[in-house]
Amino acid sequence: MSSFRRDKKEEEDTGGNIFQNLDKTALLQEARYFNSTPVNPRKCVQILTKIIYLLNQGEKLTTQEATDIFFATTKLFQSKDVVLRRLVYLCIKELSSMAQDVIIVTSSLTKDMTGKEDLYRAAAIRALCSITDSTMLQAIERYMKQAIVDKNPAVSSAALVSALHLSATVPELVRRWVNDAQEAIMSDNAMVSYHALAVVAGARKNDRLSTVKLVTKLSRSPLRSPFALCLLVRYAAKLAEEDQTEASEPYLEFIECCLRHKSEIVVYEAAHAIVNLRKSARDLAQAVSVLQIFCGSSKATLRLAGARTLAKLTTKHPNAVAACAVDLENLISDPNRSVATLAVTTLLATGAESSIDRLMKQISTFMSEISDEFKIVVVRAIRRLCTKYPRKHQSLASFLAGMLRDEGGVQYKTAIADAIIALIEENPDAKETGLAHLCEFIEDCEHTSLAVRILYVLGREGPKARQPSRYIRYIYNRVILESGPVRAAAVSAVARFGATCEDLLPNISVLLARCQLDDDDEVRDRAIFFSAILNSNDPQLISDYITNVPTPNPVLLEKALHDHLRLNPDKPFNILSVPSSEPTKEPEEAPVQIETRKQPVVSLEELYSEQLKVVPGIEKLGPPFKTCKAIDLTEPETEYRVRCVKHIFARHLILQFECLNTLSDQLLEKVRVRLESAPGYKILCEVPCEQLPYDKQGSVFCLLEFPRGPIETLGTFGATLEFSVRDCDPTTGLPDGGDGYSDTYPLEEVDVGCAEQFRAHVAPDDWEASWERAASAAEASDTFVLSQSDINEAASAVCDHLGLPKAAISGDAVKEIRGGGLWREGTPMLVRARLVASQGSVTMKLTARSPREDVATLLLAAVG
C-alpha cells in the first residue's frame, strides 16, 4: 500500500500530459501499423487517441496526410473490438472535412448503422451524416427515419442530433423527417425528447404560425423531459417577446406555471425567461421569489443561478430586487467567490444612498480574499454607483484609491483607474479629488501603459482645475524617474498646461528646454516640437497641434501609409484623410458578468476593407474617409433582401449592395444593380455578383465620382436589382439545366446627403475660442422653421441630418447644438444652431463656418 501511495504521489508530482510532446511526423509513421494483419486493438486505440488529440489541439494536416490516415483507419473495420470500432468512427468524423474520397466508407457505415450491435449504430449514424453529401443522403433517408423512432435512446438521439446538423445544409430533406421527430418528442428518455423538440422547432423556425401551434400544443401536454420543457419555455418566451398584445397571455401563463415544476432547471429557466421579458415589474414578483429561494439553497449551482439572474435584473428593475437584500447580504460570506461577488455587485446596484458606507465596510474585508477577476467586477459596480450617487464621490473615490494601493495585476489597476477617470469626467465636484488620487498612484505605478494613460488624463483635465500648477510637479517627476515612453507622455502633458494656462507658460518653457537634453530621441523631439509651437504664440497652431489633436484610427492609418508609399511616395501625406478613432463607451446598463470576454472593437472602415479589395483601382482612391451604416432597400420579409453600404472617399463614392436570396429553389446569377444616376455623378465601374445561392450573402459594387461642387453632391439614385434566375433542387441546391431567364426587382432609392460626407464630432472644450478663431473664415447662416412641434425631437432630427452625435445638444428652453467636423476632402468646419419653440412650431437659426464657403453653404442646403 505504501508503494502504491508513493507511486501515486510521484505521478501527481510529474502531473504531465502524456500527449504533450507528440510529433506529427512520427504519428504518421505509427498510423502505418493499421495496415498490419492482424492488429493489436490496444495499440491501435492508443494511436487513434493521439491522432484525435492532435486534431483537437489545432494541428493542421495536409490533404494528402489526412487522406493517408483516413484510408489506413478504414482497415480497422475488420476488428471486432468495441472500443476500437467507436474510436474509428470518431476519427473518420474528424478527418472527413480534410481527406479526399471519404465517401468510400459509406457502405461500411451504412452496414453498421443498420446492424444489430447498438454500440456501433449510434456512432455510425454520426459519422455517416458527417461524410455524406446532399446527393447521397436520399439513399439513407429511410434508415434515418427508422433510427429517429428507434427504441434504443442512444440511436434515436444520434439520428436526431445528426438531423439538427444537416438542417443547416439540407433543410428541405430534414423537414420530411418532422413527423417521426414529433413522435419522438413524447419519448420517456429525457435526451431523445429534448433533441426531437429541437429538430421539429428548427424545421419550423421560418413559419411563425407552425411554431405557435407547436408551442400551444406541447404546453398543454405533459412533457416528461425537463430539458425539452426548458427548450419549450424558451420558445414560448420568444413568441411572447415578439407579440406584445394580449395574444401572448397563454405563453406567459405557461411560463409562470413552470415556476411550480418539480425540476429545478425548469423552474430556473422559467424565472430567467420572465426576468428577460420586456414586461413591467409587477409581473416579476413570482420570478423574484423563486430566485430568492435559490439564493438560500444548499446547492452552490442554485445560489449562483439565483444571484446571477438577480444581478442582471438590477439593470432594469432595481426596486424588484431590493426585497432580496437580506438574502444577498448572507451570500457575501459564501465560500463560492462567484456567488459572493455577484451578491456584492447586486447590493451596490440596489442599495440606498444611506447604506453605501456600511456596504463599503463589508466589502473592504471581502476584497482581500478574492482574485483579480472578481475584484474587477466589484470595481465596475462601484463605478456605476459613482454615477448613481454623485454626492458620495468622496467616500467612493477614497475607497478606489485604497484599492489602487493594494497588490494587483495590470487589468485590475486599469479597471480602478478607468473608474476614477470616469468619475472625473462625469462629476465636476470630484475632479480635484480624482486627479489627486491619480497623481499619488503614478508615483509608484509599475505599468507603463497605465502611467501613459493617466498622464494623458492629467494633461487634459489638469489645466481646467482650480490650481493647475499643483499637478506639474507630479508630471515632471515622471520625466526624471521613468522610462522613455512615460517621459514622452509627460512632455506632452506638460505642453498642454503651457497651451492652456498662460500664467504657467514661462515655467513650462523652462521645463521643456530641460527635456530637450533627454537621452531618448522621442522625448527630445517632442520637447523641441512643443517648445516651437508654444513660442510661436499662434492660437491656431496651438489648437491644431497641442490641445485639439485628432487621433487617427491606427489600423486604417497603417493601410493608408502603405498605399501612399506604394503609389505616391513623392507627395505629402494628408493624415486628416484617415478616419479618427472614436472613444469606446461602455453601455450604461451592462449586465453584471463574472467572466468578462472583451470583444475587439472594429470600426466599419476596418470591417469592410477586405471586401472592397474586389473593386478595380481601389488603392488609387486613397484611404476610406467614412463608411456609413447599412440601409435596407427592401422589406425584411421579401424574397430578395438588399442593403446598401456607402463608402465615402475624398472624391469618390462606392455603393456596396449586400444581397441575400431567401428562395431555396432559385439560384441567382450575374446579379447587378442598375442605377439611375443623380445629376453630376459619374459611374466609373461596376462589380457584379456572379452567383447568389440560397441563404448566402453576396455583394454588388458601384464606383462613382462625386460632382465638383459640394452642393451638387446632394442627390438621390434610383436602383433596380437585375439578375438571371435558374431553378434548382431545394434539397441539393444544384441548378437545373438551361441558361435560366432574366428578371428584375425594384429597390428603394439611395440618398446621398450631408451627413455621409462629414466626420462630425461634439464641440471641444475650448469651443468659444475655436468659434472666435474661425470668425475670419467663410460663414453661411439662415433661419428655418422645422416640421417638428417638439423642440427635443427637432434637435435630435437636426443632429441626425448633420451627422452630429446627440451629445452636441445643450440647453433646456432654448436648445443649442454645437459641433465641428471634417469634410471628405479634408476641410474643417464648425456649426452652431439655436432652436426655439413658439406657438406650436420650432424655429432654428443655423450658422456654419469653414475655410471653404461652398462647404459651409452645403450644411445649410442639406437642411433646407
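The model is predicted. The protein chain comprises 864 residues, of which 48% count as buried. Its secondary structure consists of 38 helices and 17 strands. The C-alpha trace spans about 95 × 80 × 65 Å along the principal axes of the chain. When contacts between residues at least 6 apart in sequence are considered, 65% of them join residues at least 24 apart.

Charged side chains were examined next. The protein chain carries 100 positive and 114 negative side chains. The centres of these two sets lie 5 Å apart. The relative accessible area of Glu635 is 46%. Glu635 is therefore classed as partly exposed, because that class covers values between 20% and 50%.

The backbone was then considered. Most peptide bonds are trans, and most residues other than glycine have a negative phi. A cis peptide bond is found between threonine 37 and proline 38, with omega at about -10 degrees. Proline 38 belongs to the loop between α2 (24–31) and α3 (41–56).

Positive phi values occur at asparagine 537 and at lysine 670, neither of which is a glycine. For asparagine 537, phi is near 55 degrees. This asparagine is placed in the loop between α32 (521–536) and α33 (539–547). With a relative accessible area of 56%, asparagine 537 counts as exposed, since the cut-off for that class is over 50%.

For lysine 670, phi is about 50 degrees. Lysine 670 is part of strand β5, which covers residues 666–676; asparagine 537, by contrast, sits in a loop. The relative accessible area of lysine 670 is 57%, so this residue is also classed as exposed.

How values were computed
Residues numbered from 1 in each chain as written. Predicted model: local features only at pLDDT ≥ 70, side-chain atom pairs only at ≥ 80, totals over all residues. Heavy atoms only, no water. Buried < 20%, exposed > 50% of the residue type's maximum accessible area, 1.4 Å probe, protein only. Helix = DSSP H or I, 4+ residues; strand = E, 2+ residues; numbered from the N terminus. Contact = heavy atoms within 4.5 Å. Lys, Arg positive; Asp, Glu negative; His and termini not counted. Charge placed at Lys NZ, Arg CZ, Asp CG, Glu CD.
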